[in-house]
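Work through these exercises with the model open. Each task is followed by a worked solution.

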Amino acid sequence: PLPCAASRQQLLHIHLGRTRHALQQQDFAKVVHHTAGYSGSDLRHVVQEAANIPLRELSRNGGSIVGLTEDAIRPIQLDDMRKACKHVRPSVKQDDVLVHEEWNLKHGARIELEDGDDGEW
């Protein structure tokens, strides 16, 4: 299955890594809400796209991005994430998710931890 909300939030933090950003907890909640249906790879693409927006702004305003230090580039903001989400769409169709979930029900491992498990084969 695709990542749940908690997993998407963790993935966003992972993909951001040490990249400078001005995102607050409520900003992450908004991004997570608007990325339902996104895969981990899609989220990586969103973060990469958002990170490129400040660079494009510098370039568009006549600045050179060659030799810039990290401090010369503004941090990623919520609006960058919003724009990136408009550009990067989910790559997995819901129909494909259903096919995989059905296959897993028929053929996949079904390990369940039940209180009634007596430990016998």
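**Exercise 1.** Find the handedness of the crossing where α3 passes α4, then describe how the two helices pack.

*Solution.*
- Step 1. In this predicted model, the crossing of α3 past α4 is right-handed.
- Step 2. The two axes come within 8 Å and cross at roughly 125°.
- Step 3. Angles over 145 degrees would count as roughly antiparallel, and 65 to 115 as roughly perpendicular. α3 and α4 are therefore oblique to each other.
- Step 4. Now list the contact. V46, V47, E49, A50, I53 and P54 come from α3; D80, M81, K83, A84, C85 and H87 come from α4.
- Step 5. Sort these residues by class: eight nonpolar, one polar and three charged.

**Exercise 2.** At what angle do α1 and α3 pack, and how far apart are their axes?

*Solution.*
- Step 1. Locate the helices: α1 covers residues 5–16 and α3 covers residues 40–60.
- Step 2. Their angle is about 45°, with the axes 9 Å apart. That makes α1 oblique to α3.
- Step 3. α1 passes α3 in a right-handed crossing.
- Step 4. On the α1 side are R8, L11, L12, H15 and L16, which meet G40, L43, R44 and V47 of α3.
- Step 5. By class, this contact has five nonpolar, two polar and two charged residues.

**Exercise 3.** Which residues have the most contacts inside the largest nonpolar core?

*Solution.*
- Step 1. The core has 16 residues.
- Step 2. Those with the most contacts inside it are L12, L16, Y38, V46 and M81.
- Step 3. Helices α1, α2, α3 and α4 each supply at least two core residues. α3 gives the most, with four.
- Step 4. Take L12. Leaving aside residues up to four places away in sequence, L12 touches F28, V31, V32, L43, V47 and M81.

Methods. Residues are numbered from 1 along each chain as its sequence is written. This is a predicted model: local features need pLDDT of at least 70, side-chain atom pairs count only at pLDDT 80 or more; totals for chains, interfaces and linings use all residues. Side-chain values use heavy atoms; hydrogens and water are left out. Axes are lines fitted to C-alpha atoms, for helices over the stretch in contact, and angles run from 0 to 180 degrees between N-to-C directions. Angles under 35 degrees count as roughly parallel, over 145 as roughly antiparallel, 65 to 115 as roughly perpendicular and the rest as oblique. A crossing is left-handed if the near helix is turned anticlockwise from the far one by less than a right angle, and right-handed if clockwise. Contact means heavy atoms within 4.5 Å. Ala, Val, Leu, Ile, Met, Phe, Trp, Tyr, Cys and Pro count as nonpolar, Asp, Glu, Lys and Arg as charged, and the others, Gly among them, as polar. A nonpolar core is a set of buried Ala, Val, Leu, Ile, Met, Phe, Trp, Tyr and Cys residues joined through side-chain atoms within 4.5 Å. Buried means under 20% relative accessible area, exposed over 50%, partly exposed in between (1.4 Å probe, protein chains only).
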